[in-house]
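Please look over the sequence and the structure shown here. A short report on the fold and some of its side-chain contacts follows.

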Amino acid sequence: MRTLIKGAVAASLALASSLATASPLLWQDNSLTYLYGKDFEVDPPIQQAVTFEHVSGWSFGDLFLFVDSIHYNGARDAAGNNSTWYGEIAPRLSFGKISGREIKFGPITDVLLAGTYERGRGDIKNYLLGPGFDLAVPGFDYLQLNTYYRHSDSPSDVRSSWQITPVWAITLPAGRSDILIDGYIDWIVDNDGDGKHANLHFNPQVKYDLGKAMGWKAKQLYAGIEYSYWKNKYGIKDSSAFETDQNVTNLLVKVHF
C-alpha cells in the first residue's frame, strides 16, 4: 500500500506537469507573506517566517504550492538548527474538466483527484492522495474539502492514516475596504497507537485589504493576523511533561503579485 500511494502521488504530479505543457493556464496568483509570532510549542517559541505561495487554475484542474522559510531568532531546535524550511505541492485533477461534463449534485460543483507531496528539513517526506470536492456554499468565496490517504516516509514505522482538509475563503465588506478570512484545517484522524497521535491543525488568517483602503489595487496588499491552533503538534501527544498543544497568533503582512 505504501508503494502504491507513493507511486500514485508521483504519477499525479507527473500527469499534472505533462498536462500543464499542453493545457492553457486559466489564472494564477503568487504571494509573499511575512509572519512573526510567539509561544510556539515543540520548536523554539519565537519564530519569524517568510512564505511563498502559488495557486493557479488550469483546464484540467488546479495547483497550490507553498514554501516556508522559518527562523528561530537565534534559538535552536532539537536538531540544533537555528532555522528550518517546509513546503507542499498539491495538484488536483478535475473529473468535470477532463471529461468535459459538469459534475454537480447538491452543494458539490466538482469532484477531483487530490494529491499532495510534503517535504521538509530533516528528510521529512509525506505522500497524500484521495478524493477532493469543490462546494458552493452561500457566503463563501470558495470552499473545498479534500480527503487524503496519507503515507509518511519519515519515520518509516508510522502507519498510513487518513487526513481531512477543508479549505475556505470569505470576504466581508469593511468601510472603504474588505476583510478576508481564509485558511484550512488539517485533521489527521486515525494514527494513534504507533508513536504518532491523531492531530488537528486549525490555521485561519484574518486580513484587512490595506491596499484597497489606500486607494491602490484591491487584493494586492493585506495586513492582519494568522492564528495557529495545533492539537498534538507533529503527532506528539500533549502531556504535562511536554506540551505540544499550540496556540499562537502571528502578525502578518501579505503581498500578491
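## A charge over a ring

Lys207 sits over the face of Tyr222, 5.7 Å from the ring centre. A charge counts as over a ring if NZ of Lys or CZ of Arg is within 6 Å of the ring centre and within 35 degrees of the ring normal. Tyr222 also stands opposite Lys254 in E12.

This is a predicted model: local features need pLDDT of at least 70, side-chain atom pairs count only at pLDDT 80 or more, and totals for chains, interfaces and linings use all residues. Residues are numbered from 1 along each chain as its sequence is written, and side-chain values use heavy atoms, with hydrogens and water left out.

## The barrel

The protein chain holds three helices and twelve strands. Both kinds of element are DSSP runs, numbered from the N terminus: helices (H or I) have at least four residues, strands (E) at least two. The twelve strands close into a barrel, in the order E1-E2-E3-E4-E5-E6-E7-E8-E9-E10-E11-E12. Their pairing is antiparallel. Two strands pair if DSSP finds at least two bridges between them. On average, neighbouring strands of this sheet are turned by 20° against each other, direction ignored. For such angles, axes are lines fitted to C-alpha atoms, for helices over the stretch in contact, and values run from 0 to 180 degrees between N-to-C directions.

| Strands | Sense | Bridges |
|---|---|---|
| E2 (residues 47–58) and E3 (residues 61–71) | antiparallel | eleven |
| E3 and E4 (residues 83–94) | antiparallel | eleven |
| E4 and E5 | antiparallel | seven |
| E11 (residues 221–231) and E12 (residues 246–256) | antiparallel | ten |

E2 and E3 form a hairpin, with two residues between them. Val55 has Phe64 in E3 as its bridge partner. Leu65 is bridged to Ile89 in E4. Gly87 stands opposite Arg119 in E5.

## Buried parts

How much of the protein chain is buried? Of its 257 residues, 42% count as buried. Buried means under 20% relative accessible area, exposed means over 50%, and partly exposed lies in between (1.4 Å probe, protein chains only). Strand E4 is largely enclosed by the rest of the structure, because nine of its twelve residues are buried.

Gly120 belongs to strand E5. With a relative accessibility of 1%, Gly120 is buried. Leaving out residues up to four places away in sequence, Gly120 touches Trp85 and Tyr86. Contact here means heavy atoms within 4.5 Å. The C-alpha atoms of Gly120 and Trp85 are 5.8 Å apart, although 35 residues separate the two along the chain.

Contacts across the sequence can also be counted for the whole chain. Among contacts between residues at least 6 apart in sequence, 52% join residues at least 24 apart.

## The nonpolar core

Which residues make up the largest nonpolar core? Its five residues are Leu35, Ala49, Ile70, Tyr72 and Leu252. A nonpolar core is a set of buried Ala, Val, Leu, Ile, Met, Phe, Trp, Tyr and Cys residues joined through side-chain atoms within 4.5 Å. Neighbours within four places in sequence aside, Ala49 is in contact with Thr33, Tyr34, Leu35, Ser69 and Ile70.

## Aromatic pairs

The whole structure contains eight aromatic pairs. Rings of Phe, Tyr and Trp (its six-membered ring) pair if their centres lie within 6.5 Å; planes under 30 degrees apart count as stacked, over 60 as edge-to-face and the rest as tilted.

Tyr117 and Tyr127 form a tilted pair, because their planes stand at 40°, with the ring centres 5.4 Å apart. Tyr117 is in strand E5 (residues 108–120) and Tyr127 in strand E6 (residues 124–135), ten residues apart. Tyr117 is partly exposed at 22% relative accessibility. Tyr127 is buried, at 12%.

Trp168 and Phe202 are stacked, 6.2 Å from centre to centre and with 25° between the planes. Trp168 lies in strand E8 (residues 161–174) and Phe202 in strand E10 (residues 199–209), so this pair ties together parts 34 residues apart in sequence. Trp168 is buried, with a relative accessible area of 12%. Phe202 is partly exposed, with 29%.

Ring pairs also link Phe64, Phe66 and Tyr86 into a cluster.
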